[in-house]
Amino acid sequence: MLAMCAAVLVAMFTVTSAGCRPDEPLPDSDSTEVIPGDDSLLVGVWQPDTMATYMEELAVHQEQLRDVFFEYDSNELDSEAMDALMFDANYIMSHSGFRVLLEGHCDERGTIDYNLALGERRAQAVYDYLVGYGISASRLETVSYGKERPFSYGSDEAAWAQNRRVHFRVLPGN
Amino acid sequence: MKPGIIAVLLVLIPGATATDFLPMTPVGAECVPVSVSVTGRDKALVDDAEAQLIDDIDFSGLLETAEEGYAHVEASVYSDDRGILLRAGVTCAGEMLMVKEYSGSSIYPLVHALADDLVYQITGEQGIASTRIAYIVRDSGTYHLAVKSLDPRPPFYILSDDDVITTPAWSPDGDRIAFTAFRSDNGDLYLYSLSDGTASKILSRGGLNTSPAWSPDGGSIALTLSENGNSDIYLLDVDSGDLQRLTARNSIETSASFSPTGNQIVFTSDRLGYPQLYVMDSGGGGADRATFSHGYCDSPSWSPSGDRIAYTAMVGSDFHIFVMNADGSDIRQVTFEGTLNEDPVWSPTGRHLAFSSDRDGARAIYILELNRLTVRKLTEGVESYCATWSPLRERD
């Protein structure tokens with residue numbers, strides 16, 4: 001068995017080394033696997049700090065985007081609302097690298113439940129407009145806070161008017 | 001199982017009593033004996049090749065070198081100014097198993113490729129000889145992210161900085177290494193890309209952005225953030241940058257590791273007042289306690305086959321590596337020397353562990369083969385710690 005082993009080995013080795021002397025350049029073989037040495041690793045280059053720049057950019061977008069306001073117990077977009085909305089739509093279309101969360105808000109009058117639903121309807125109205133304008137739905141999200149997170153704490157029309165809105169919140173990502 | 005071996009291991013554990021943990025016993029599975037013969041004109045090259053081939057075979061946990069093997073490798077090494085050629089013929093019980101040639105600029109990757117092919121051809125399993133380990137080096141106040149292959153070649157320093165670099169994690173596709181760096185005065189999360197060499201900051205929440213752990217599909221990273229004043233585990237979507245909070249407790253939650261299915265995460269929490277391991281679904285939610293036998297458990301790592309978890313636990317005043325079943329049963333101690341053995345990571349086939357140990361003085365990376373419990377020191381000289389293991393090398 002061992003002798004047969006040895007014989008096979010000798011025969012095999014003769015076949016593979018036939019025609020090749022170690023001190024001569026070797027012919028290329030298409031059965032040769034080329035193994036990269038580990039000089040395939042690249043020395044790392046620290047990239048410039050784009051993180052801080054990105055956060056600043058997001059802050060600029062947040063500054064620019066205008067909130068959309070509503071009449072009492074309504075999710076209709078009047079002409080003032082449309083002005084703001086068209087500006088926002090154009091801004092979002094022409095600037096990339098961020099997403100928008102549309103927050104529906106309501107004033108304090110009425111029940112919690114009803115206002116959550118109203119806030120939802122307001123956010124949805126703005127969402128539908130933006131998607132209709134051509135903005136990718138993947139850049140938009142909606143949420144309703146109802147009357148739970150007012151912008152203005154007061155019980156007069158001035159405060160209430162401040163709270164009946166869809167707020168545009170800028171989010172990182174695409 | 002030979003009684004003599006158990007007796008020897010028990011003697012080595014200082015103060016071992018019936019209530020101490022059972023040491024990890026060598027699996028003792030039969031290794032296929034392989035005999036090796038390497039020839040060539042360049043004697044130094046032949047010696048290097050033969051030594052490395054024997055090393056790779058003996059550390060595989062599946063094959064072992066022998067005078068007369070069930071399999072025999074006949075190899076020859078040629079070198080010229082175009083590079084090095086390694087030719088190998090392998091017979092197994094008299095039958096020709098394979099004939100192959102490997103070419104490249106260094107002998108070591110060629111020998112590793114041959115050793116991996118041997119393991120595969122003889123046992124059907126994947127070998128790890130061609131894998132690499134990335135880790136942190138601290139040298140007189142300078143930090144390096146280093147990569148070392150499993151041979152005498154010196155480590156390659158990918159990145160260096162005067163400020164802390166820590167907790168590297170190799171991506172499952174082998175193309176990126178996530179890590180934390182403090183160069184911008186905050187512990188920020190970075191990705192190093194092996195394909196273009198760039199190191200880019202990808203997350204910079206206030207406080208810590210540390211201990212990244214890749215999901216098996218490479219799409220998410222579980223990591224520790226402390227921006228809300230307390231360490232919790234979050235899930236970062238690598239493409240969109242979305243963050244999902246997975247834990248929300250006043251205690252420290254950290255050191256996440258995914259199960260190989262991606263469905264669960266094992267992590268460390270000190271919600272009881274001392275660090276223990278817990279397992280939760282990778283979407284967050286309730287966590288089940290997984291360790292009950294040590295007062296301090298940390299840095300868990302889930303095995304690639306999903307059946308075991310390796311971790312560090314305090315034994316007396318020392319830290320040692322333990323391996324237990326994923327359900328918490330059958331706890332086995334794996335290290336017995338040094339006072340600080342920590343950060344265990346599995347090789348991609350689950351037959352080896354890498355960890356750092358101070359058994360020789362300054363911390364160094366060690367690799368352990370679990371069949372025979374052979375331990376090898378991987379790094380020399382400078383303080384080295386925090387290992388992460390590359391995936392299997394892609395071969396054509």
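Of the contacts in chain B between residues at least 6 apart in sequence, 42% join residues at least 24 apart, two residues being in contact if their C-beta atoms, placed from the backbone, lie within 7 Å. The model is predicted, so that local features need pLDDT of at least 70 and side-chain atom pairs count only at pLDDT 80 or more, whereas totals for chains, interfaces and linings use all residues. Residues are numbered from 1 along each chain as its sequence is written, and chains are lettered from A and ligands numbered from 1 in the order in which they are written.

Chain B contains 3 helices and 29 strands (DSSP runs numbered from the N terminus: helices, H or I, of at least four residues; strands, E, of at least two). Its C-alpha trace spans about 65 × 55 × 40 Å along the principal axes. Buried residues account for 48% of the 396 residues in chain B (buried: 20 or more other C-beta atoms, placed from the backbone, within 10 Å of the residue's own).

An open sheet of 5 strands with mixed pairing has the order 2(A)-12(B)-11(B)-10(B)-9(B); strands pair if DSSP finds at least two bridges between them. Strand 2 of chain A pairs with strand 12 (residues 198-203) of chain B in the parallel sense over 2 bridges, and A:Trp46 stands opposite B:Ala199.

The mean pLDDT of chain A (the predictor's confidence in each residue, from 0 to 100) is 82. Over residues 1-29 of chain A, pLDDT stays under 50. Where pLDDT is low, the predicted coordinates should not be read in detail.

Methods
Buried ≥ 20, exposed ≤ 12 C-beta atoms within 10 Å, placed from the backbone.
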